[in-house]
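Dear colleague,

I am passing on a structure that I would like you to look through when you have the time. The model comes first, and my notes on what was found in it follow below.

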Amino acid sequence: MPEKIDYDAKIPNNVNLSEDRRLQRALEGWQPKFMHWWGEMGPTLETQGVYLRTAVSVGREGWAHFDHVNVPDYRWGIFLAERDPDRRIAFGEHQGEPVWQQVPGEYRADLQRLIVIQGDTEPASVEQQKLLGLTAPSLYDLRNLFQVNVEEGRHLWAMVYLLHAYFGREGRDEAEGLLLRNSGSPDAPRILGAFNEETADWLAFYMFTYFTDRDGKYQLGTLKESSFDPLSRTCEFMLKEEAHHMMVGTTGVDRVVIRSAELIREHDTLDIGPHGGVPLDLIQKYINFHYTVSLDLFGSETSTNAANYYTAGLKGRWQETRRRDDHKLTEDARTLERPTGDGTWTTEELQAILLLNLDLRSEYVADCQTGVKRWNKILADAGIDFAFRLPHPGFNREVGINSGHHVTPDGTIVDEATWEAGKRKWLPTTEDLTFVRSLMHPVYERGKIASWVAPPRQGINGKPFDYEYVYLT
Amino acid sequence: MTTTTPVTFDRRPDEYRHWRLRVDGEVAWLELDVDEQGGLVPGYELKLNSYDLGVDIELYDATQRLRFEHPGVRVVVVTSAKDKVFCAGANIRMLAASEHHWKVNFCKFTNETRNGMEDATEHSGQIYVAAVNGTCAGGGYEIALACDKILLIDDNSSTVALPEVPLLGVLPGTGGLTRVVDKRRVRKDLADVFATRPDGVKGKTAVDWRLVDELVPRQGFREAVEKRARELARESDRTGEGGIELTPLEHRYVDMEVAKGQVTITVKGPENDPGDLHEEGANGWFLAMTRELDDAILRLRTNEVEAGTWILKTVGDPEKVLAHEQAVLGAKDWLGNEITHYFKRTLKRLDVTSRTLIALIEPGSCFAGSLLELALAADRQYILDGPPIDDEDSDERATIRLSEANFGPFPMGNGLTRLQTRFYGDEDHLAWLAREKDHELSAAEAVELGLVTDAPDDLDWEDEIRIALEGRASLSPDALTGMEANHRFVGPETIETKIFGRLAAWQNWIFTRPNAAGPEGALRRYGTGQKAVFDRKRV
């Protein structure tokens, strides 16, 4: 008799793993590959334990257990939000029917594709952040990095669970593929462009967790509306964890801005680079870059794929059930701003259902705006006459109707020469990146922090800032 | 045209309403005498020996009986019992009133029957002679074209004609256009003239253009035909005695389970070892199974038009299947020959059936040799790699088996075996397969040899199959029909593939065009005294 493995102890879950032979076998094949991937592509820094939050169940009690954990032993786990037995399809042509507990054969390919794309983004950020542990500004930040990383890992597990449990052999192959593609790999890059960009420094990490993870939040929000109930429930639980990543991003940028403001006042100059801070215009450049790269993740403004997913009930809108319309959108219209060859903007009226990516992006843009307000308030409170702003959505775009046009941050369409000349002012230059990297010295002493960032107002789980969040050798 | 009661295909000569079958030694007479009031469905009269599906079902039954019950018949004379009219072809009112799928299915079946007549001549030495004793138009001439010889009454008025294009705005779709040029080698410009002339061609011109073989004077027509038939009988190599009776069909070996959108066809293997083919007759497993399968295909096609997916299964002992197969293929006499060719034709029916065919190979199945052909005819094959779904402790595993039967006796319409079609142009692979004959092949081996599409294990099986079937069911039936018909026939074209592919595709298209089927179209306006209105744009 082969030794009986206690699956529930090894892999916390609420999907009845110990009874599901198929899922067990799939995971037995996949888990060693995942561990290998984590070893190769996960955080470079070795630790003796990180103060991490582990979900052991989805209830109020279970989803946030804090303890020092040896990172490779983290219990990644598989959690779906509780099932609502009366849940019905909220939109599209199946509206009103009970949600699906199985993948309908008709939509197998589309659902699998959606899950694979979502799944592909999760480990990508771990790969992008691989080296950040070597330059963490504090143990608190280091701990957050690991938390984000293990949770991205768990989100990968969540998507892999769906592939394993519902998509048969092809699903298992796709699950393996998620580990075979790697961020920035010339041969097998990640599917979406933003996940092949480097996250080379901690300012970029804060920007990434603010802007790019926020895209993830909105994508998960649309998948949470899915008629395929296991996907919906998986995403609902992931959103809970995703909120922490947002917090890391929001407060991370806060703290950089606070520190810069302090230095500006202290030295009475905006040119705080020589004093070990990040100048505000450089922060603006980072915003410009990370925001626009994240906008690309929403895809083309007009999308028949998105329309088809919507009609089929695979992917809804942000907070679909709170929207007050017919949830079919075949009759509604919406306008789209489009750049033209002669340098002006035109508006075009289109069927709302063709503009779902734009709809989601608008929700996202409004959300991003709140961060900008927050950072500007820090500056205003410090009496500094400088304001951050989000660039025009046409700026620096590779995807959609704006790609191929040269749009400045304020929305002016310019020629290529003007664009090239302005680019150095709008986006981080090699010198800028080199400068930020020069600030990145690791600070691993309890209660200490790097020169360019302020300490957090609050620690984790009620612990103080100088708590030993990470045990290093 | 649809019926409220399901169409059946079981007929007996003493109950024929439209044909008379008379056997006179080496010559059989098959006389068309259509009962005008005997249409399969109400709403039209079968005037001028015109036919509908019911008439053709009887013709099919007769051609089958001639092969099995009358091994001594060497020549079959097809003629009309009515004066001055041989056959006016498919009934126009029936066509005009029929739903699209009915028209198409009707054309398919009539084509299969015509091909079967040619098969009888080629493979059983049963020479069909058309004795055209009067007007012979459209489908009527297509019956004649399916015969080996066409004798035309020389009465200075009887013609052969294919008037579909000029009169009805459709094609002579039962192989007419193809046979005129490919089989009878009528020059293409003359074929063009012929097929656009509503009045047809008579007498010497018909002979000169090769539309008919001989003219026979009106006086003493029957005697002359008889004499000619006796001469032809001497040219046939058909020998055989006894004959076996095709008893009324029972469904013992082929089970059909119709569910929404799909059908499961289960073929049961033989329970006993083979006995003497002649003594067993229609009770012998191979023949009985073939008849039932043939009947199942025909009934499902006609009556279950929305069952778009057919799941093919077998149950039984592969050894016994192979023993029966050996008894048939090794018989080397007329009956073994007839059963072989009948099974071949039945498989061909499957090949041209516009349904998705999925073979499920599970433990306890018997996809061996000739029954493996069913799986190879399918669009996809799934083999269960593991124990039976309902008994995970069982040691039983699904296997398949190649035999001689997969390498020649049951060619497709394209002239190739299903294996040659599957591995078209890959002679090395076919040679490899030939070496793997006569032993059990496991799921893994079946995958390696490329004989199955996929081999899900017992944990995946139900989900994989469900998803595959659901996915299939969500696709456009029209697109699937087109796709399947393309994938199933690779390689060379033959008269058969042209008829079922090229000709049928055009006919299907024309059948949905307003010029034919619209309210002012030629098919609908025919016989109303009003002229059809055509959209003049060429598409």
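**Notes on the model**

A:Gln319 counts as partly exposed because its relative accessibility is 33%, a value that falls between the limits of under 20% for buried and over 50% for exposed. Please keep in mind throughout that this is a predicted model. As background, most residues other than glycine have a negative phi. As to its place in the fold, A:Gln319 lies in the loop of chain A that runs between α9 (304-312) and β3 (333-339).

There is a second residue of this kind in chain B, where B:Lys332 has a positive phi of about 55° although it is not a glycine. B:Lys332 is also found in a loop, the one between α12 (318-329) and α13 (334-351) of chain B. With a relative accessibility of 74%, B:Lys332 counts as exposed, because the cut-off for that class is over 50%.

Turning to chain A as a whole, you will find 12 helices and 7 strands. Its C-alpha atoms fill a box of roughly 70 × 60 × 40 Å along the principal axes, and its radius of gyration is 23 Å, which agrees with the value near 23 Å that a compact globule of 473 residues would have. Buried residues make up 58% of the 473 residues in chain A, and of the contacts in this chain with a separation of 6 or more, 72% are between residues 24 or more positions apart.

The accessible surface of chain A comes to about 19900 Å², and carbon and sulfur atoms account for 48% of it. As for charge, chain A carries 52 positive and 71 negative side chains, with the centres of the two sets lying 4 Å apart.

Finally, there is the contact between the two chains, to which chain A gives 16 residues and chain B gives 15 residues. The area buried between chain B and chain A is about 1300 Å², of which 37% comes from carbon and sulfur atoms. On the side of chain B, the residues that lose the most area to chain A are B:Leu459, B:Asp460 and B:Ile467, which together make up 41% of what that side buries.

With best wishes

Key:
Residues numbered from 1 in each chain as written. Chains lettered and ligands numbered in written order. Predicted model: local features only at pLDDT ≥ 70, side-chain atom pairs only at ≥ 80, totals over all residues. Heavy atoms only, no water. Helix = DSSP H or I, 4+ residues; strand = E, 2+ residues; numbered from the N terminus. Rg over C-alpha atoms; globule rule 2.2 N^0.38 Å. Buried < 20%, exposed > 50% of the residue type's maximum accessible area, 1.4 Å probe, protein only. Contact = heavy atoms within 4.5 Å. Areas by Shrake-Rupley, 256 points an atom, 1.4 Å probe, with all protein chains shown as cover. Lys, Arg positive; Asp, Glu negative; His and termini not counted. Charge placed at Lys NZ, Arg CZ, Asp CG, Glu CD. Buried area = accessible area lost by both parts, 1.4 Å probe.
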